[in-house]
Amino acid sequence: MTQEIQIGESFIGAGVNAAHVNTVLGHRNGPAGSAWATALASPSAGHVPFVAVLRPSLPVKPLTLFVTKTAPANDQHGNLIWGAAQAGIAAGVADAVADGILSEEQADSHALIAAVWVNPQADDDDAVYRNNRESVRTALENGAKGLPSTAEVIDARHTPSNPFFTPRG
């Protein structure tokens, strides 16, 4: 049994329907499994972790805990979180197994935490679905490959930017 934890990150899309996903993957009998169970058992106001499903009573494997990065702002936002984003996360995790990024052994022995950002202003459920599907798959691939490289981080340190801020000088 390995105690290795893989951490991944991915930002896919543009505008209000973009997806930003962080992943933590590790063996169910290790620290990731403990974190998974603790998070599931410790909801807070507006942040209720839940198991991602491909359809009711069919959870994706590895068992994936969907954790929102923002509380639902309104009914439409909540529907995008529990509907389109969850479906995208579940399908993207299944894609990662089907594509060999995660092994079938890991699908049965590991736990995955997916921290998911859905913009409260998101307005296109198909885009939210597609972007979350690609983002979680990419985050898992990045985690499996140990990306980004330290050299890439060092090279980018003088030019940080993100969709919300770019330094002017």
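**Figure 1. The salt bridge between Asp99 and Arg137.** In this predicted model, the side chains of Asp99 and Arg137 form a salt bridge, with an N to O distance of 2.8 Å. The pair links distant parts of the chain, since the two residues lie 38 residues apart. Asp99 is found in the loop between helix 2 (75-98) and helix 3, whereas Arg137 belongs to helix 4. Asp99 counts as partly exposed, because its relative accessibility is 49%. Arg137 is likewise partly exposed, at 22% relative accessibility.

**Figure 2. The salt bridge between Arg137 and Glu141.** Arg137 also forms a salt bridge with Glu141, and the closest N and O atoms of this pair are 3.1 Å apart. Both residues are in helix 4; because they are four residues apart there, about one helical turn separates them. Glu141 has a relative accessibility of 22% and therefore counts as partly exposed.

**Figure 3. A network of salt bridges.** Which residues are linked with Arg137 in a network of salt bridges? The network contains Asp99, Arg137, Glu141 and Lys145. Two of the contacts were shown above: Arg137 meets Asp99, and Arg137 meets Glu141. Side chains of opposite charge can pair when their charged atoms come close. In the whole model, the count comes to five salt bridges.

**Figure 4. The salt bridge between Lys61 and Asp108.** Lys61 and Asp108 form a salt bridge in which the closest N and O atoms are 2.8 Å apart. Are Lys61 and Asp108 buried, partly exposed or exposed? Lys61 is partly exposed, because its relative accessibility is 42%. Asp108, at 45% relative accessibility, also counts as partly exposed.

**Figure 5. A negative surface patch.** The residues that form this patch are Asp123, Asp124, Asp125 and Asp126. One of them, Asp125, has its place in helix 4, which covers residues 125-145. How exposed is Asp125? Its relative accessible area is 46%, so Asp125 is partly exposed. A residue can belong to a patch of this kind when its relative accessible area is over 30% and it has no salt bridge; the value of 46% for Asp125 is therefore in keeping with the area cut-off.

How values were computed. Residues numbered from 1 in each chain as written. Predicted model: local features only at pLDDT ≥ 70, side-chain atom pairs only at ≥ 80, totals over all residues. Heavy atoms only, no water. Patch = residues over 30% accessible without salt bridge, like charges linked within 9 Å, V, L, I, M, F, W, Y side chains within 5 Å. Areas by Shrake-Rupley, 256 points an atom, 1.4 Å probe, with all protein chains shown as cover. Salt bridge = Lys/Arg side-chain N within 4 Å of Asp/Glu carboxyl O. Lys, Arg positive; Asp, Glu negative; His and termini not counted. Charge placed at Lys NZ, Arg CZ, Asp CG, Glu CD. Buried < 20%, exposed > 50% of the residue type's maximum accessible area, 1.4 Å probe, protein only.
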